[in-house]
Each structure stands twice: as structure tokens, then as C-alpha cells.
Amino acid sequence: MVYDFDTIRLPAAWRGLTDPLEAASDALVRLDERLARAEPVLADGARVRAHLFDAQAALHLDGELVALEDLVLHEAAMDVRRPTLALGRAVAVLADRRRLAAAPPGWAFSGPGWALLAGPGPEPGAPEAGEEGDPAEAAAEEPDPDFAVIDRLLARTRRTLADYEAGAPAPRPAADDPAAAWRRVIDGTRDLPAVLAAAIALDAWLVLDPAPRRGHRGPLAAAALLRARAKANAHLPALALGLRDSRARWSRALPLTDRLAGLLDAIEASARLMGRDLDRLALAREVMLRACTGRRRTSRLPQLVDLFVGTPLVTVASAARALSVSPQAVEAMLAELGSARPRELTERRRYRAWGIV
């Protein structure tokens, strides 16, 4: 399968992409700057909730509905309903997203990162299909996997140079391998703006389907590309959320430039929605802190407020551990918050939980 994006280099195509590209880039940069300058508890709270919102949106794009409260409660082992298959898939999406967010910016396009995105495959430097391994190379491999990858890459480079000197044609990846085709698209976007490259990467993923039954990883791969190319340093963009709430709808039948314009709109929407959530958290924190006015300096109530902001779910037991106080003290502080207290999620008398979701 072939994916050709050379047409976007034409002046007419650029004129159609200039405005959405500028809007998406501006929204993304503004959000990243806001997160970098925000108080850590607000920035961390926004990032934590972005993971949840994006996982929920990824399932929604596949036609499955998962309530956000169910996802939060399931993670805390406090389910109020029997877990469903869709909820289990949302948990898997959430785990993938958190792993990418916790890794260094370029990790997603290393050997282990590629295995996460597209499933198990040949490691970087491993022989291509139909290519024979070098027995001497295998004997000389170090036990450390990092050194083994480097040694295989060096050995493969030596073989390629030897073949070139002998006049043999350079080996090429199989044309029918969607994963290899998608990686070639990524390599071909190195001289393009990072946001446009991410839109192309996501469009190519949707067209080529390099990881069947792992469609949610396409937006994650595009978001990781934005991090790798230093366009989103303070967060991992929630592109599935942007795709769900964008005005544009992606369709393979549309021309390439129209598809890319729609994906750029989705990138802008993801930044706008995450910025709106940051505003929501800041307002909720301000309202709760008003209840702390006039309290003693030793009061733990402001710390409870920040716990509500920084985590999506708080129980009496978890708050008692985090604040090093008794459960009775937490109950008293919850009563002091009064109407400013976040919404109760479990709707039951025992094992209750509150959160801003």
C-alpha cells in the first residue's frame, strides 16, 4: 500500500492548509506555555485528566461509550457497576497513554516505543525479512539489550556497505508492509512543520492501518511526534479528544488536503479543550480555597484542596494517607468545604469518593 503526500508541497495545497496550520500551532504553543507556567498542582491535574478524557474519547471514536466516572472508579478498585469489555479497553488505552507521557520525548520512535505503538516487530538494526543474520554477530552480542541493538545495527551497516561496494542493490522494506510504509511517511516529514507532520502521521495511520485492532494508537503516535519534535514540551496532546470534538470529520474519500485540514482542526480542538479544563480546575481551586479563609496556619484544608485538584478521585482513606491525618479529621475537613466540596462519585453511604472529573 502506498501513501503519497508530495501533493501538499504544491503552492495551491499550501494555501489551503496555511490557516488551519497556523491556528493549530498557535493553540498548541499557547497551551504548552500555560501548562509550563501554571502552578504544578494545576498543571499536573490537567495532565492527569487529559489522560482520562483522551482514553474515553478513543473508545467513543470506535463506537463504544465509557462513563468517565466508571473509568476513574475502576482504577481505584471502587466499581459501582460490573466492568464491561469497553471499560477494559479504555483502561488499556489509558495505560498506553501514560506510558508514552512518562517516557522521554523521542522514546515512542525507538524500538520499544514502536513495539508499543504497532505491536511486536523487528527491532531497529535487526535483519529484514529474507535477510540472513551474521553468525559472528550473534556470537559477539552483549547480554545487555541496548548493546545488542547497537551491535546489530553496526553489523547491518557493514553488510550494507559491503553489498554497495559489490554493486548489489540496497534492500528495501516490503511494499505491502503497512507498518514499514507508515515509518517511511514519518521519515518523509522531517523537513515539514511539526504540527503538519503530526497531521500527516495521523492521516497515514488512518489510511494504512499499520496496527490492526489498535486504532487508538494512531492519535497517540501523532501526539508523541509533537513531543519528539519539541512542539508540545509540557504535555502529551489529547488528539483522540480533539478528533471526537472537532467540527471536521475524517473520511478516506476526501482529498488529502481536506483530510489534513480536518486533522489540524482536531489538533486545535484538543489544545482548546485541555485549556478549558485548566481554567475549570483553576476556578474550582479558587472556590475551595475561599473556604480556607480564616483557618489556622496549621490547617490541612488547603492541602486537601490541592489533593482534589491534583487527582481525579479522593476517598477518606486516601486523603488520610496523603495528609498524614486521621480519617475523622478528613471527614471534618470535608464538612468544612461545604458546598465547595467536589461532586460525590459513588452515590453510596460507605466507601464514598469525591472528585473533579
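1. Leucine 304, leaving aside residues up to four places away in sequence, touches Ala319, Leu323, Met333, Leu334 and Leu337, where contact means heavy atoms within 4.5 Å. This is a predicted model, in which local features need pLDDT of at least 70 and side-chain atom pairs count only at pLDDT 80 or more, while totals for chains, interfaces and linings use all residues. Residues are numbered from 1 along each chain as its sequence is written, and side-chain values use heavy atoms, with hydrogens and water left out.

2. Leu304 is also, with Trp182, Ile267 and Phe308, among the residues that touch the most other members of the largest nonpolar core, which has 83 residues; such a core is a set of buried (under 20% relative accessible area, 1.4 Å probe, protein chains only) Ala, Val, Leu, Ile, Met, Phe, Trp, Tyr and Cys residues joined through side-chain atoms within 4.5 Å. Helix 9 (residues 194-208) supplies the largest share of this core, 12 residues, helices being DSSP runs of H or I of at least four residues, numbered from the N terminus. A second, separate core of 24 residues includes Ala57, Leu73, Ala86 and Leu273.

3. The whole structure holds two aromatic pairs, counted when ring centres of Phe, Tyr or Trp (its six-membered ring) lie within 6.5 Å, with planes under 30 degrees apart taken as stacked, over 60 as edge-to-face and the rest as tilted. Tryptophan 114 and tryptophan 182 are stacked, because their ring centres are 5.5 Å apart and their planes at 20 degrees.

4. Tryptophan 182 and tryptophan 205 form an edge-to-face pair, 5.0 Å centre to centre with 90 degrees between the planes, and both are buried.

Methods. Buried means under 20% relative accessible area, exposed over 50%, partly exposed in between (1.4 Å probe, protein chains only). Helices (H or I, at least four residues) and strands (E, at least two) are DSSP runs, numbered from the N terminus.
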